[in-house]
Amino acid sequence: MNSPSDSPILSLRGVYKYFGGIKAVDGFSLDVAPHSITGLIGPNGAGKTTLFNVVSGLYKLDSGEIRFKDERIDDLSLHQTFHKGLCRTFQISRELKLMTVLENLMLVPPNQEGERLWRTWFFPGRVKDQEGEIRERALESLRSTGLFHLRDEYAGSLSGGQKRLLELARTMMAGPELILFDEPGAGVNPSERLTLADRIRRLVSEEGITVLLIGHEMELVMDVCDPIVVMDRGKKLAEGSPEEVRSDPRVLEVYLGGAGS
Amino acid sequence: MGMEIGGILNFLVSFAIMASIYAIFSMGLNVHWGYTGLLNFGIAGFFAVGAYTSALVTSPMPTGVLTNYVKQAFGLNLPFLVGVVAAAMVSGLIAALIGLLTLRLSEGYLAISTIGIAESIRIFFNNESWLANGPQGLIGLPQPLHDLFPPGYYNYVYLVIVLAFLAVIYVALERGIRSPWGRVLRAVREDEVMASADGKNVFLFRLQALILGAMIMGIGGALYAHFSAAIQPSVFEPLFGTFIIWAMLTLGGTGNNKGAILGSFIVWALWSWSTFVILKIVPRGFETRAPFIRYVLIGLLLVIILLRRPKGIIGEERQVSRF
Ligand SMILES: Nc1ncnc2c1ncn2[C@@H]1O[C@H](COP(=O)(O)OP(=O)(O)O)[C@@H](O)[C@H]1O
Ligand SMILES: [Mg+2]
């Protein structure tokens, strides 16, 4: 388990992101302990996704500080944070629709030899060897997420739950140190949810990855996350173990009085 | 109307040369649009740049009485292959400039600027007579290996040259497209945010695709110039230099290099053979409008094929990554 002296792998200080008058993220601070599965919950429109967008570099923050492994990353764009070891998913799952499931995964590993055109012409042997290794890894992650039989289908033709599993397999291909999951359980049936929860736990226990996970529906979050951070109207409302958060009256009020779940 | 066998063969050979040159353009467009989703509506611009570059690099400066009739900024009198390489380089350079200016903006900017730049290039060659003889253009361009063969057979030689270029470009592109490089291009086409989330520098890959496609179009332009041995700005109008190539790729199959080649041969066949038919059937006095009837014909064919096969005759394969 983590000792309190472990320095956080991800650390946010006073992060702001406004859209015109909408204070989507309004002075948010957060420390994510290494090897934790930290949950981020809150009502619709609380700013959770925007926070991910800012951390991953899809959006530029208005002010504040983001550190990943003690390094400032708030000036980096999306593809750059990926190379630092940060992989994110999307609330509405995105996949490369007219590419096969296998191709979606083979795309992911960084710095492939064959991403340089001239090497495909002049060093085809090396490209081919690496391509073979990448294919093996992709097939392996398809087996462990139960998608192996769909490998040659178009990714766009998968069901909602299968797309979530593909998203999970994709994070495994990235070899990241921190994964930001945005509502990984949305649109997933109960049995797929079990696979999902199990794989996420194993990412942490077996591969030492850290997870920050946004959940809207409570089951998955309460099941796999500890600690849990509650966000409301761009600010942090509460933080603690699942039991603490569940019994916190402010949290209950936001969830029962708010937009509903 | 007893056309001799020799005449038919000659016609077929010139047909194959032009169709192959168009196939090269279509493969260039396939890199832009088919694989990367870049809207290039100014193919004619790269066509013109390639043709004029190679013409100026390979032809000698006019001498004697010709200096009264032909103005050109320079004439380097260098070998054909140097001209083709120069055509690719200059075309790629222009693409790089366009890309640096527009590829970070939304996709409409590339479409609009390619239209604008292609027209500007044509008008520039038309108006700036000092550069390449204005509207009259350049004639008597050198043809590779010309003196080694009897004049009547030269087109056979040139067909072999063009087919060699076609083959090399095809093989090189297939390598690239089926490799991780091509996979990134297709990812950018499908969803640029997702490609970035997978760590790919979308801007750099788009820029590479834009440059590579433009270089291929530059080569096509050079091959055209040395085949027709004469070029004028009017050749590079949008209908002949851009529209027809979009029709070829769309018809043959976007995202498939075999489709690009097939589409080029079909559309060019329709284009060149319909002349005979149209000239026979249109009433006297309408002959000058025949070209427009041809565009309508091609448009019609396109609509029919796309209604029955939306992805073209042979569309993109399901599994493209295959290295
Ligand atoms: N790109 C954007 N432009 C304008 N407003 C946005 C944008 N993204 C999010 N918002 C607004 O910011 C607020 C927070 O949204 P979001 O981060 O999606 O919340 P959550 O993920 O917690 O449901 C909402 O009011 C939303 O409408
Ligand atoms: Mg959200």
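**Reading a ligand shell and a helix pair**

The shell around ligand 1 is made up of 6 nonpolar, 5 polar and 1 charged residues. Keep in mind that this is a predicted model.

Me: Which residues surround ligand 1?

Reply: They're in chain A: F19(A), I22(A), A24(A), P43(A), N44(A), G45(A), A46(A), G47(A), K48(A), T49(A), T50(A) and Y59(A).

Me: Which element gives the most to that shell?

Reply: That's α1(A), with 3 residues. The elements giving two or more residues are β2 (22-32) and α1 (48-56) of chain A.

Me: What polar atoms lie by the oxygen and nitrogen atoms of ligand 1?

Reply: Start with the backbone. A backbone N or O atom of G45(A) sits 2.8 Å from an oxygen atom of the ligand, and a polar backbone atom of A46(A) is 3.1 Å from an oxygen atom. For nitrogen, look at Y59(A): a polar side-chain atom there lies 3.1 Å from a nitrogen atom of ligand 1. As for cover, ligand 1 alone exposes 560 Å², and the protein buries 65% of that.

Me: Now the helices. How do I read a packed pair?

Reply: Two packed helices are described by the angle between their axes and the distance between the axes. Here, the axes of α1 (residues 5-35) and α10 (residues 238-252), both of chain B, come within 9 Å and cross at roughly 75°. So α1(B) and α10(B) are roughly perpendicular to each other.

Me: Which residues make the contact?

Reply: From α1(B), Y22(B), F25(B), S26(B), L29(B), N30(B) and W33(B); from α10(B), F240(B), I244(B), I245(B), W246(B), M248(B) and L249(B). They divide into 10 nonpolar, 2 polar and no charged.

Technical notes. Residues are numbered from 1 along each chain as its sequence is written. Chains are lettered from A and ligands numbered from 1 in the order in which they are written. This is a predicted model: local features need pLDDT of at least 70, side-chain atom pairs count only at pLDDT 80 or more; totals for chains, interfaces and linings use all residues. Side-chain values use heavy atoms; hydrogens and water are left out. Axes are lines fitted to C-alpha atoms, for helices over the stretch in contact, and angles run from 0 to 180 degrees between N-to-C directions. Helices (H or I, at least four residues) and strands (E, at least two) are DSSP runs, numbered from the N terminus. Angles under 35 degrees count as roughly parallel, over 145 as roughly antiparallel, 65 to 115 as roughly perpendicular and the rest as oblique. Contact means heavy atoms within 4.5 Å. Ala, Val, Leu, Ile, Met, Phe, Trp, Tyr, Cys and Pro count as nonpolar, Asp, Glu, Lys and Arg as charged, and the others, Gly among them, as polar. A residue is near a molecule or strand if one of its heavy atoms lies within 4 Å of it. A polar contact is a pair of N or O atoms within 3.5 Å; within protein, one must be able to donate a hydrogen and the other to accept it, and residues adjacent in sequence count only if both atoms are side-chain atoms. Accessible areas come from the Shrake-Rupley method with a 1.4 Å probe; for residues, only the protein chains shown count as cover.
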